[in-house]
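Hi,

Here is the structure I promised to pass on to you.

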Amino acid sequence: MLELVPITEGIGTEVRGVDVTGHISDRDFGRIYQAWIDTTILLIRGQHMTPAQHVAFTRRFGEVYAYTRSKFDHPEHPEILVLSNIVRDGKPIGSAYSGRVWHTDGHYLTDPPAGSMLYALKVPPVGGDTWFANMLGAYDALPQHVKERIDDLKVVISRVQSRPYNYPDRPAPTAQEIAEWPDVPQPLVRVHEESGRKAIYAGGNVPWRIEGMSEDESRPLVTFLQEFSVQPRFTYRHRWQPGDIVLWDNRSAMHQATPYDYTAHHRLMHRTTVAAPHAAVPTGRAAS
Ligand code: OGA
Ligand code: MN
């Protein structure tokens with residue numbers, strides 16, 4: 001029987017009593033979907049999905065699409081992005097260092113994805129956990145005068161500016177990348193299309209500029225919001241076991257990967273992505 005259990009007081013729902021490859025009635029699915037919207041992440045443990053079943057289950061939440069590096073797409077199921085440090089025949093089978101700073105996927109896209117579903121196949125004994133933060137809860141907890149100050153602001157998301165924060169080990173963006181990556185203004189406070197609730201949408205780590213403000217003016221406000229959002233009361237650190245599924249609502253949650261001993265242990269995760277409702281589904285390639 002379906003059971004929905006809060007993960008912590010501040011974030012997430014654990015879905016128990018389901019086999020995601022079996023039949024889930026519309027009524028049960030409706031409750032699961034609502035818990036996702038309301039609490040920003042779902043955890044479902046002990047699952048066994050083939051890639052096709054993973055894609056099919058993801059499809060119940062919306063249109064599935066691939067927006068990331070195609071070189072790490074699953075060879076038979078391009079809707080699946082492989083995250084792994086495993087090297088086969090001298091070639092990495094997946095993206096090894098995704099999401100090491102707090103972020104929301106595709107913040108730099110005009111139609112960021114609605115969500116992502118991560119499925120654990122192999123996990124290291126220590127580390128390789130993923131943090132999640134509930135940005136609805138963070139917004140709700142802000143003092144009223146801060147809400148009023150930020151409600152109508154826009155934050156300028158720049159892939160070029162974020163590169164050294166996300167990938168300190170990579171070279172600076174090339175002239176071509178700079179030309180291909182225009183800045184994207186995003187609402188600093190994002191109103192969820194489905195619930196109408198507000199979420200802080202400042203991202204993490206990069207001291208973004210706010211439209212109409214100088215960098216010096218923007219930095220303290222943006223940094224304050226980013227730090228406020230990841231307080232323990234809004235966050236959860238998931239320690240993966242093989243068979244775990246976590247689906248996050250990318251409109252209202254941030255996440256961050258944690259390191260592990262890449263030289264001693266293997267981590268293998270499959271990720272699917274849910275497109276924003278009504279979005280023109282992008283077909284181009286982009287890094288996470
Ligand atoms: C992602 C991501 C974090 C992780 O898949 O978008 O950031 O812990 N993953 O693998
Ligand atoms: Mn990510």
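Let me start with Val55, which is buried at a relative accessible area of 4%; buried stands for under 20% relative accessible area, exposed for over 50% and partly exposed for what lies in between, with a 1.4 Å probe and protein chains only. Val55 belongs to helix 2, where helices (H or I, at least four residues) and strands (E, at least two) are DSSP runs numbered from the N terminus. In sequence Val55 and Arg271 are 216 residues apart, yet in space their C-alpha atoms are 9.3 Å apart.

Before you go further, some housekeeping. This is a predicted model, in which local features need pLDDT of at least 70 and side-chain atom pairs count only at pLDDT 80 or more, while totals for chains, interfaces and linings use all residues. Residues are numbered from 1 along each chain as its sequence is written, chains are lettered from A and ligands numbered from 1 in the order in which they are written, and side-chain values use heavy atoms, with hydrogens and water left out.

**The ligands**

Arg271 brings us to ligand 1: a polar side-chain atom of Arg271 lies 2.6 Å from one of the oxygen atoms of ligand 1. The protein covers 99% of the 290 Å² of accessible area that ligand 1 has on its own, with areas from the Shrake-Rupley method and a 1.4 Å probe. For His103, the distance from a polar side-chain atom to an oxygen atom of ligand 1 is 3.2 Å, and for His255 a side-chain N or O atom is 3.1 Å from an oxygen atom of ligand 1. The residues around ligand 1, counted as near if a heavy atom lies within 4 Å, include Leu83, Gly99, Leu118, Thr130, Trp248, Ala257 and Arg267.

Which residues hold the manganese ion (ligand 2)? His103 (NE2), Asp105 (OD) and His255 (NE2) coordinate the manganese ion at 2.1 to 2.2 Å. Donors are N, O and S atoms within 2.8 Å of the metal (3.2 Å for Na, K and Ca), and water is not among the atoms, so sites may look incomplete. The spacing of these donor residues in sequence is H-x1-D-x149-H. Both His103 and Asp105 are buried.

Gln256 is buried, at 15% relative accessible area, and a polar atom of the Gln256 side chain lies 3.3 Å from the backbone oxygen of Arg100.

**Aromatic rings**

Rings of Phe, Tyr and Trp (its six-membered ring) pair if their centres lie within 6.5 Å; planes under 30 degrees apart count as stacked, over 60 as edge-to-face and the rest as tilted. The model has 12 aromatic pairs by this rule. Trp36 and Phe61 have ring centres 5.3 Å apart and planes at 80°, so they are edge-to-face. Because Trp36 is in helix 1 (residues 26–39) and Phe61 in the loop between helix 2 (51–59) and strand 4 (81–84), this pair ties together parts that are 25 residues apart in sequence. Trp36 and Phe61 are both buried.

By contrast, Phe224 and Phe228 make a tilted pair, with 5.6 Å between centres and 45° between planes. These two are four residues apart in helix 7 (residues 215–229), so about one helical turn separates them. Phe224 is partly exposed at 35% relative accessibility, whereas Phe228 is buried at 12%.

Ring pairs also join Phe29, Tyr33, Trp36, Phe57 and Phe61 into a cluster.

Then there is Arg159, placed over the face of Tyr108 at 4.5 Å from the ring centre. The charged end of Arg159 also sits over the ring of Trp181, 3.9 Å from its centre. A charge counts as over a ring if NZ of Lys or CZ of Arg is within 6 Å of the ring centre and within 35 degrees of the ring normal.

**Backbone notes**

Two residues other than glycine have positive phi: Thr40 near 75° and Asn205 near 70°. Thr40, in the loop between helix 1 and strand 3 (41–44), is buried at 0% relative accessible area. Asn205, in the loop between strand 12 (198–200) and strand 13 (209–210), is partly exposed at 36%.

Best wishes

Definitions and conventions. A polar contact is a pair of N or O atoms within 3.5 Å; within protein, one must be able to donate a hydrogen and the other to accept it, and residues adjacent in sequence count only if both atoms are side-chain atoms.
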